Amino acid sequence: MHPILILTGRNDLTADAVVEELVKRGEYVVRYDTADFPTASRLAVSLTGDGWTGTLTGSRAVPLESVKSVWWRRPNEFRTPDDWPGHARALAVSEARSGLLGVLGSLPVRWINHPSRDAAANYKPVQLAVAARSGLDVPRSVITSDPEHARTFVGDDTVVYKGLGGGVLGPGGKRQFLPVTLVSASDMDGGVTGTAHLFQERVDKAYEVRLTVIGDRMFPVAIHAGSEAAQLDWRSDYQSLTYEPVGMPPEVEEGVRRLMDELGLFFGALDFAVTPDGRWVFFEVNPNGQWHWLAVKAGIPLVEAMADALQGET
């Protein structure tokens, strides 16, 4: 059989749903967490004229040359023995990442998404530049560490300050993000010189859209905010949100296809605001964004679409 390899942690409800669907279809699915390497799994491969052949062994042995597709879902960090010295652990993790991900990444199969593409597309400045080139409507934006540059951009308006990255791991391993914040010129003091900052014009919203792209299929869902906090950033108040499938303008669909093609992404979770006059304004694409809650709340077949993609049917 040709296994479908899903790289994720043990506590992943989204992966659970897709695995259940694939097993129901008769597929052989292997779920693997990179945190198991090298302490609880083994890699044994040899280079041939067709690439690397051999096995990745965790709870089950996977002949790598027989893999059908790989879903780079939410794998955890590589883990080494706790009693090793810190420098030895850091070196072992670096070698594990280069070795295991290098071997897996060389497999000539469908990746959703390939980790190198995922990592490159996570840079928000790259996304915004590609989106603008792709013909999508992007907010006026600056990235700056210069207070005067920031004050000139803001002028007499109130603008939005957003984090550029995906947050950091805080106490207890919980990921911490910079909140979306409204700022004015008076806020642009010397602290701006401390790092790079993204400032964007504030966009009037009738509602927002989370667009889930899986291959050639697009699933736009309108997100209606029911509180002031959610109006600024819907992630801040999930309890106030309502959802419904929504149509998408053809020119936006064309721009999204160009964006995904240039970034080399098979999957993406894209965020848009729809203005009162009907403009779709692009905010970002998350190459590995969450989506299962949308399948449940809006009743759209995202689990089935991901299973189709991993089977190679789209």
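**Stop 1: a strand and its partners**

Select β14 and β15, which pair in the antiparallel sense over seven bridges; two strands count as paired if DSSP finds at least two bridges between them. The model is a predicted one, in which local features need pLDDT of at least 70 and side-chain atom pairs count only at pLDDT 80 or more, whereas totals for chains, interfaces and linings use all residues. Residues are numbered from 1 along each chain as its sequence is written, and side-chain values use heavy atoms, with hydrogens and water left out. Helices (H or I, at least four residues) and strands (E, at least two) are DSSP runs numbered from the N terminus.

Next, centre on the turn: β14 and β15 form a hairpin with two residues between them, and Gly215 in this turn has a positive phi of about 65 degrees. Ile214 has Arg217 as its bridge partner in β15, and in β17 Ile214 stands opposite Phe267. Of the eight residues of β14 (207–214), seven are buried, that is, under 20% relative accessible area with a 1.4 Å probe and protein chains only (exposed is over 50%, partly exposed in between).

**Stop 2: the nonpolar cores**

Select Trp71 and Met306, the residues with the most contacts inside the largest nonpolar core, which has 32 residues. Such a core is a set of buried Ala, Val, Leu, Ile, Met, Phe, Trp, Tyr and Cys residues joined through side-chain atoms within 4.5 Å. Elements giving two or more residues to this core include β1 (4–8), α1 (13–24) and α8 (292–298), while α9 gives the most, with seven residues. Around Trp71, show its contacts (heavy atoms within 4.5 Å); beyond its neighbours within four places in sequence, they include Leu5, Val18, Ile112, Trp291 and Leu310. A second, separate core of 24 residues includes Val209, Met218, Met248 and Val256.

**Stop 3: helix α5**

Finally, select residues 147–154. Which residues of α5 are buried? They are Pro147, Ala150, Phe153 and Val154. These residues lie on the same side of α5 because they cover an arc of only 125 degrees around the axis, taken from the directions from the helix axis to the C-beta atoms. Their cover includes β8 (141–144), β9 (159–162), β12 (181–183) and β13 (197–201). At the start of α5, a side-chain oxygen of Asp146 comes to within 2.9 Å of the backbone nitrogen of Glu148. Just after α5, Gly155 has a positive phi of about 60 degrees.

Conventions. Polar contact = N/O pair within 3.5 Å; in protein donor to acceptor, adjacent residues only side chain to side chain.
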